[in-house]
Amino acid sequence: MSETFYGPWRVVLTSANSHFAQRMVITGSDDADGEYAIAFGQVVDVTVSGAEWRLETQFFPFGGPAWQPGDTRRSTRFEAPAGLVAQIDGAARPPGTGTTFTNLTLVCTCLDPETNPIPGPNPYDFTIPG
Amino acid sequence: MAIETVLGGAWTRKHDDPRNAHIPTTTRIAYPKSLEELIEICRDESLGRLKAAGSHWALSEAAISDETFIETHDPRNQRQAMGRTLKDVVPHCLHPELLQRMSEPSFVQEHGSLIHVEAGKRVYQLYAELDQVDPLELRPADGVQTLGAFMLDNFGTTAFEGPWGMETAGNAGGQTIVGAFSTGTHGGDFDCGPIADSVVAIHLVADGGVHYWIESSDERYWPQLTDDDRLREVYGAAKYGGDDNFRIVRARDNAVFDAAIVAAGRFGAFYSVVLRALPQYARYERRRLHVWQDVKHQILDRNGKIYRDAAILPGGYVPSTQVTSRQRFLQVAVSLTPHLNFQRNLVGVTKQWKLQLQDDPPGRAERVGDLVTALDPRLQAPRFSNAGNNFSYRYDPDDPLNAEDDPDPIALACSKGSFLAGIIEAAINEIEDFVRTNGAVVGAGIAAVAALGGGGLLLLIPALLAILIILRALLEAFDADDRFGEHMENIKNSLLDPNEPDPAKRAAGLFAWQLIVYLGFRAQQSDRDYEAISYAVTDQKDYRNISCEVNVDSVEVFFDAVDQRLIAFVDALLAFEIMQEFQGRACVGYASLRFMGPTRAKIGMQRHPTTCSVEVACLKDVSGGQEMVDYAARLALNPNIGGILHWGQHNDATAADIERLFGDPTSPANGDLGAWRAALAEVTDSGSRDRFSSDFTRRTGLEP
């Protein structure tokens, strides 16, 4: 199942662990459309922009015959100093067929400065001994 | 017929800056007093485009007309309102089979009663009238029996004598009932939808003067609510344009009804509405102070304790009457100003349960009071001494079944315009003790605003001395006639001066600001347990307020309550406020989360099994407040966040936003927005009758 994003984001692969071959497919972006291999030790760090674009994870089952859409779970949080973060945890199986998502993790960080009011380092020290 | 009209008059909203009219010169403002006059206005094409307004509480542009404004209730209460309670349909046009069913003993307990009112009745007037016991006069002076008298006369039952209450309500009753429900206004009862879902029929006058009785097909009112022949006898009369000018819309799929009940005025002007009312009841409210960072994750668990708390806890408050519901209400009020060295934010968590009505319910005398006159000519309804005319209900902490004899100064703060004085004095005392003892004495406020584990605040002691001088000067210069926002702007400017060259003084000023806001929020959201009649708990508006609620802006954003983007949205607001404080700005306001069930309205904001609204309100007098509301509105409309804006508050949505949120991506003809537009086409001759179109509806795509 594809996940839809709007505007500029940075997509970073932070974990990959599967017996199957996996990849991420981006479509609808301004200039980052394509397939990106996902594997242990692989570096994926891509900036994607576009009014509305989609990210899909895929896996290649043993014996093929073709790439299949993977299962994903999206979670969203706002955290300093990154800002709006969407984490895609994925599993190498057809969408909606399981409850654990441990085969890959993509951390997507919104790069829209309008969205992210990043305060910067705290210049104040309001602490008391204790 | 001469309809009262003002040419070129100013038009402003309740929460606008009182010094400047929102629209200094309008084309025309019309004040209809009856259905007949409303039809005439809608027929008269020379009046150009039209839009009906209620009490001017909406902060959006939804009630703003391109040309002619139709007032159903003069916001200044100087002209006659369309505020009658009507008896010709309820009971006399109700379907005979329904009336028979209503006479069964279980009907009232399961489905309550019905009330039919004109569009301009304010919510506080409605709940005041509902709360009266019907004297059941079988031969009333005007010759028209009430529902209660009719049921006694024809079925021998007194079950409809009342008193009645509203199933849910917003936290202020000054809106007209139609203004409230037609913009999607809601309470915090997560076991039911917004006020619109208590509506069972609407009487709409469309462009051209054709009027529609649109009623819900609802098994509760099987086989149907009203009888067509009887309705036509009343509304097909020549004075309303005859039978050809009156249409009854009743469809199994409720397509037009579900579209028209929340429509931001685009379908036309409502003349009246039939609402469901419940047997009157009381509410028990428990509020506790917590920290946002500890509470926020509980919100995502719909089966968690925050939604399913027990009413009676060991050693806790025990209501005086039986608890008759599970927890039904939840509000989480978040302080935007951080404490604990920028790491935490206070929240007040409020929960409510339904109670059996007490014999002498607390809050009735204070929020409704005595009957002053049976028919006030301007209200076109009975006037009660305290309805819409008193402070919010305050219980006596030492005697929770009674009101306070002398409401505390904080509660009356805004009406006196000087409530901050006590808070500033408390802050001065804490800072003085801290400075005098070289940091040895740490008051509760300072201990909360600072974090343990360092000595940063000790280094600020010389700068805090300078801040004390500023705070004392502010206290001495307090003018009780100034608005709250003006006070806060003075304080903020004195404490958060971004041009202050001394970094220690800047830090000390910010610390003092956070201390003042912390103490103020803690006082306002402190622990409490009380019980009162339903409306005294839901309507917390201080109607004597002359200070706090003008020049206010607010935005309200709706999310699926179990969607993590809700939490991300609030956390982003908190980050924005920290960023502002670093830059010498600050928002005096709050983010209030309330929870509600789904709505039937096609473009209602309550689109999930449990919807959470986040209201961000600010005082525009204080720089940083408007910036916060603008940021919240921008962020909400960011499709990555996916919030829906309230139709009646700050709403910058575009047609593309509305299509994304309410439409079907496969085809604009499908989805809820497609259905809404199709229904609109039905009452506008496929869009050719477009005089209720406005800048707002065109911008938001609320067009056929």
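Below is a working chat about a predicted model with chains A and B.

Reader: Ground rules before we start: what is the numbering, and which pLDDT cut-offs apply?
Author: Residues are numbered from 1 along each chain as its sequence is written, and chains are lettered from A in the order in which they are written. This is a predicted model, where local features need pLDDT of at least 70, side-chain atom pairs count only at pLDDT 80 or more, and totals for chains, interfaces and linings use all residues.

Reader: How many helices and strands in chain A?
Author: Zero helices and 11 strands. Both are DSSP runs, helices being H or I with at least four residues and strands E with at least two, numbered from the N terminus.

Reader: What box do the C-alpha atoms of chain A fill?
Author: Roughly 65 × 40 × 25 Å, along the principal axes.

Reader: How much of chain A is buried?
Author: Of its 130 residues, 32%. Buried means 20 or more other C-beta atoms within 10 Å of the residue's own, exposed means 12 or fewer, and partly exposed lies in between, with C-beta atoms placed from the backbone.

Reader: In which sense do S11 of chain A and S19(B) pair?
Author: Parallel, over two bridges. Pairing takes at least two DSSP bridges. Ile128(A) stands opposite Leu452(B).

Reader: Now the largest nonpolar core. How many residues?
Author: It has 234 residues, and Ala512(B) is among those with the most contacts inside it. Helix H17 of chain B, residues 503-524, gives the most, with 12. Such a core is a set of buried Ala, Val, Leu, Ile, Met, Phe, Trp, Tyr and Cys residues joined through C-beta atoms within 7 Å.

Reader: What does Ala512(B) touch?
Author: Leaving out residues up to four places away in sequence, Ala427(B), Ile431(B), Ile467(B), Leu471(B) and Leu495(B).

Reader: And H4 of chain B, how many of its residues are buried?
Author: Eight of eight, so mostly covered by the cut-off above. Tyr124(B) and Glu129(B) are among them.

Terms used: Two residues are in contact if their C-beta atoms, placed from the backbone, lie within 7 Å.
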